[in-house]
2 protein chains.
Amino acid sequence: MNRLPAKLGGVPAHVTIADVAKRAGVSVGTVSRVLNNAENCGMDVRLRVREAIDALGYTPNHAARSLKRRLTMQVALVVPDLANPVYTQMAVGVQGEAAAAGYHLTLVNSGGDWAEERLALQGLEERQVDGAIFCSLKVTQGFIRSVTVHAGSVCVIGGLPLDCPVDNVRLDSVRGAELAVEHLLGSGRRTVAFINGTSGTVPHDTRNRGYRQALAEAGIEYDGRLVASGDFTMVSGYEAVDRLRAQGLEFDALFCANDTMALGAMRRLQELKIAVPEQVAVVGMDDIEAARMSTPTLTTVSLLARERGRIACEMLLRRLTGEAGAEAEKVTVLPKLIRRESSATQ
Amino acid sequence: MNRLPAKLGGVPAHVTIADVAKRAGVSVGTVSRVLNNAENCGMDVRLRVREAIDALGYTPNHAARSLKRRLTMQVALVVPDLANPVYTQMAVGVQGEAAAAGYHLTLVNSGGDWAEERLALQGLEERQVDGAIFCSLKVTQGFIRSVTVHAGSVCVIGGLPLDCPVDNVRLDSVRGAELAVEHLLGSGRRTVAFINGTSGTVPHDTRNRGYRQALAEAGIEYDGRLVASGDFTMVSGYEAVDRLRAQGLEFDALFCANDTMALGAMRRLQELKIAVPEQVAVVGMDDIEAARMSTPTLTTVSLLARERGRIACEMLLRRLTGEAGAEAEKVTVLPKLIRRESSATQ
DNA sequence: TGGCGATGCTAAAACGTTTCAAGAGCAGGG
DNA sequence: CCCTGCTCTTGAAACGTTTTAGCATCGCCA
């Protein structure tokens, strides 16, 4: 399968540390020490070596260095679906943090597939990378076990069991849904309808809990007729509006489990000449780019993908450099409400 | 600056090829041959070695392998701004293609900075990666020179001079603007206004050329009063509409140099009770996610970032494996019109 | 019986670094 | 003059592979 490159022939005579040593008239060990600017080496030698390096155009060989140092200065990010903006945002966050510390980021697309994730773990064992950040949809027993074995060089973004001794960045997404509903109720809305995602998934359940908790806290009775299900797509949001209205209950606010459905719903509302936000306020979740660009712009709850990536990388690097304690770190990030036009108070 | 990891102490006694050899009762050379499944080794030995590998949980060390083979099975993608969806899309394209060939992708964010790009090239020299794909905004003399030196392991996405002997994926963006305008004129519109981006930039000039060529081909005189400039942001598109209308010329079509401005313009048109597409058809450029989600959905010209990434990676791998010829390959991809509601014929 | 070509394996030399024990030179104290 | 304790440098041994040359063993043919 892996067609192997065949540039074995024309090797362009790489200049090595030995060449530098010869030219500078010192031993290879000395050159190495100059390169890693150790204390104990004289000024004259240091200069001669630097001169030789420049003259010969020497650059150290990363593979050799990794082999000896047992350090690659690379970290991996493993995500289920790179095409999904959420994960590319995460990658951006990780990349920035990694680069700042002199690390490179390698990207692995697991397709949500456990086999692929395993392959990434193997990369870890092969010392292709120093550490890895896993963002998994399904947290299986096998995953937990494997990740625990590599606890010293792994950070997980997502819902790991709290007793799993692995660095972990979590998201209080229940709170996210609460935020949305609280905001709606807080700005004077009385009846909040809810379009949730595919039932049976984790996001579905957490958002549902948040919705109900926020209602409960406001002393409002939960009414199943105000809740519809979509599948996170735009059309499903569009169609859900009709199903909600068919129930015959009036509502002046609508919370959608993601922005895509919210935009679909807004579209349908506009077609029905129901003014947003005057008659119905709409709040989505995710803060995708399109939420900033719709008419009206969409109020939403950001799940801070980029920030979570940043934090995870920070944690991982702390672990790798030994700055982290013996305990696994658990950080929970709180979603953030982003107020825009679609939920403005009239 | 680079705080170096300090896990040098607790090395977990890695199992090496020698351990496997000892257990299987063969020499290390033999184990290596089994691993790289060479021809000349007997069935019994092969089995014994496999058994030992499984029993000991051996995984080959990537650094050592790279060092010897002079091959890392990694490619780098260097982009000016990872936060920009265009480039993340490109990354997705590259990643997919690379993974399919057994390569890993490492991501470098240059910030459009030549110094950073150079660093990436150095990574190449250090044999940290086998090859690199550069997507640069500014193609300076220095860039061209450096990239030419590494012609054997580099592919450039963007406007490289045609005589530069480096694999190159280009984009006919003049044609992109033409496509948009042709589409508008072809579907019965008479007067096409144009909101261009920041003047003085390359994208500005190419789109301008495309706009004028399409008009010329249709036998329509260019009228400067139909052209406004924005800065690629949403508000700039919004405001440009007013400036265009202030010129007093009627127009029934509007081409915008990117989707973001197009969405801003659409918003203003809707506010002014000018129906899209009935009174004014709108076409954008880029095909961002929001274009699929606006009301009406936005007709646009896709610049195929993902596809260009895919092709570039394909070319690079061909070059690395020696399948490419001596000549540098130059591929030009043609933008693609994506018809949506905002330009529908009434 | 001797030579020959396969076949299957081993031993050892790379690959380009880092690091460690040891050596050289030198100054100062006894 | 010897010993001790510095500082700077060297040489060689790793690190874990791949690869090459060479060594048995064997059957086979002349």
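**Close-up views of the predicted model**

**View 1. Strand 9 of chain A pairs with strand 10 (residues 299–302) of chain A in the parallel sense over 4 bridges.** Strands (E, at least two residues) and helices (H or I, at least four) are DSSP runs, numbered from the N terminus; two strands pair if DSSP finds at least two bridges between them. Met285(A) lies opposite Val301(A) of strand 10. The model is predicted: local features need pLDDT of at least 70 and side-chain atom pairs pLDDT 80 or more, whereas totals for chains, interfaces and linings use all residues. Residues are numbered from 1 along each chain as its sequence is written, with chains lettered from A and ligands numbered from 1 in the order in which they are written.

**View 2. Strand 8 (residues 253–256) and strand 9 of chain A run parallel, joined by 3 bridges.** Ala253(A) faces Ala281(A) of strand 9. The chain passes from strand 8 through helix 11 (residues 259–271) to strand 9 in a right-handed β-α-β crossover (clockwise from the first strand over the helix to the second, with the strands pointing away from the viewer).

**View 3. Strand 2 (residues 104–109) of chain A and strand 2 of chain B are antiparallel, joined by 3 bridges.** Leu105(A) stands opposite Leu107(B). Chains A and B each contribute 53 residues to the contact (C-beta atoms, placed from the backbone, within 7 Å). On the chain B side, helix 5 gives the most, with 6 residues.

**View 4. Around DNA strand C lie 28 residues, of which Ile17(A), Gly29(A), Ser32(A), Gly29(B) and Val45(B) come nearest.** A residue is near if its C-beta atom, placed from the backbone, lies within 6 Å.

Technical notes: Contact = placed C-beta atoms within 7 Å.
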